[in-house]
Structures are given as C-alpha cells and as structure tokens.
Amino acid sequence: MRFVTWNVNSLKIRLPRVEAWLAEVQPDVVCLQETKLADKAFPHLAFQALGYDASHCGEGRWNGVAILSRVGLEDVVCDFADGGEPDAEARLITATCAGVRVTSVYVPNGRALGHEHYAYKLRWLARLKDHVAATRAEGQHVVVAGDFNIAPDDRDVYDPAKFVDVTHTSPPERAALAELTSLGLVDTFRRVHPEDGLFSWWDYRAGDFHQGRGMRIDLVLADEALAATCRWAIIDRNARKGSQPSDHAPVLVDLYP
DNA sequence: ATGGTCGCGCAGCGA
C-alpha cells in the first residue's frame, strides 16, 4: 500500500496539481493538510473521478485535513480520540483504510518560542500522544501522517546552526515527538533514508527551494511491525517545482500491512 | 540588499 502525506496549502488553489499528481502516482491512501476549505466546499467528486473516497474535516479559511483512499475508508473520526473536549481547530482526522487506522495531522506551527501558540503546539502534541495511545489500543496497524511542524533531528534542517532557539527544532518540540514515537511508532522515511539534506518544506521566499534551504517536517509514522515492511520511500521534489506549487512536497511511503 | 512569497480576502495576518 502506498501512503502519502501532503500539505497542499489550499486545496482550492492546488486541486489541478493534486489531481494530476494522483493520476500519475496512484497512491492508495493520501493524508492532506491545510485544505483551507469548509466541508461543504470539499471537492469529493473530483477525487471520486480518480477512484478515491474522501473524508474531510475543515473550518474554512485555515487548517483543514482530509484522508483520501482507494482501498476503503471507514469509521471516520474528526477530532482527538482521547475523550476530551473537541479541538477548536480542524487539525486531525482518523479513518480505517484496509485495516490500517490512519490519522492525518496538521500540528500547530508554534510561531515563536514563548508565544502562546507555542504552548498550544506543545499541549496539542501531548493530546496527540493520548490520541495515538487510544488508537493503538484498538489493535489495528496505525499510521500517523502529516505536517508535524517539527524537524526530528539536525539532519532534517539545511543548517543546524541557523535553527537554535527557534520553533521546529527546539528541545521541547523534539521531546514531544519522541514521546509520540515512544508509543511504538517509527519515522518510516528516515528508516529507509538515513542521509541528511532531504527536505519536504521550503519557504516560498528568497529562492529557498532552489538554494536547498529546506526542512523535513512532513512525516509518515507507522507502528513498528508495519514500518518494518518499508523498503521504499521518497519525497517528490518535482511537485514543489513549476507553476503554483505548495510550499510542501508530498512524501510517499510504501508499506505492506 | 538585513528583505525576499504565498493564500485568504480585501487589511493585514499566518505560514
């Protein structure tokens, strides 16, 4: 099964590119983030025409996450599965695809160390751990894929010296991600590609993409048994090129549940 | 040169 995560930065603007990419790559399960759509504006028919069922959790102007699947889409939950208060923002959606419990996540950005939004990011990640623990307890294979807004280690940024005391690399954020993986989840792409310099996001400004100034913040986490089946993974840099790209490239991971 | 670009939506914020 081919899994993809892709922060599309507005599905309204990006739909033509997403459609063409899906037709070419033929993934089985796709986790989207930052659709920036209300549920009623989600283009179900466009995806149906390509063979995908879809579920979307959106609020309109910001955030918005979805799961597309051509191998079944069941038991959709549009929030944390920890039994707590509903999250105010549309940042995760969970569904079962061919026996795999899949969650598409858009982790808060954090904005700056010490900012209220940074505290929100850490609280959100702590809740995500509870969500994953609850999901794992159901006994199915688990995939948690999305824009984590965290570079797991120094291989995941273009210049570690430039990422000191900033969001995406700060020790509390990395510790929160480690808490998550301590539940038995594995960064599948990293398992296949240990080298540095492989990024999934580049700022639109200053020619960062062409200068190689990026970060790897889009991850596909899978339970250990499922991750052990991974033999192939790639970040499709070509999808970051050309006219009207997202600032994120899609990450593809083949797993065999 | 100490910025730079997008997307949303129509000012300026968020990323």
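**The sheet and the DNA contacts**

Tutor: In this predicted model, helix 3 (residues 116-136) lies across strand 6 (92-97), strand 7, strand 8, strand 9 and strand 12 (218-223). The helix runs at about 170° to strand 7. The sheet is open, has six strands in the order 5-6-7-8-12-9, and its pairing is mixed. Strand 5 (74-77) and strand 9 (185-187) are the edge strands, each pairing on one side only. From one strand to the next, the twist averages 20°.

Strands of a sheet pair through backbone hydrogen bonds, either parallel or antiparallel. Strand 7 (residues 100-106) and strand 8 (residues 141-147) run parallel and are joined by seven bridges. One position can be picked out here: Val102 has Val143 in strand 8 as its bridge partner.

Now the DNA. The residues around DNA strand B include Tyr106, Asn109 and Arg111, and also Asn9, Ser10, Ile13 and Arg14. Among the others around DNA strand B are Lys36, Arg61, Tyr204, Arg205 and Ala206. By class, this surface has five charged, four nonpolar and three polar residues. Of the atoms of DNA strand B within 4 Å of the protein, 67% belong to sugar or phosphate, and the rest belong to bases.

For Ser10, a side-chain N or O atom is 2.4 Å from a phosphate oxygen. For Arg111, the distance from a side-chain N or O atom to a phosphate oxygen is 2.6 Å. For Arg14, a polar side-chain atom lies 3.1 Å from a phosphate oxygen.

Definitions and conventions:
Residues numbered from 1 in each chain as written. Chains lettered and ligands numbered in written order. Predicted model: local features only at pLDDT ≥ 70, side-chain atom pairs only at ≥ 80, totals over all residues. Heavy atoms only, no water. Pairing = 2+ DSSP bridges. Helix = DSSP H or I, 4+ residues; strand = E, 2+ residues; numbered from the N terminus. Axes fitted to C-alpha atoms, helices over the stretch in contact; angles between N-to-C directions. Contact = heavy atoms within 4.5 Å. Near = heavy atom within 4 Å. Polar contact = N/O pair within 3.5 Å; in protein donor to acceptor, adjacent residues only side chain to side chain. Nonpolar A, V, L, I, M, F, W, Y, C, P; charged D, E, K, R; others polar.
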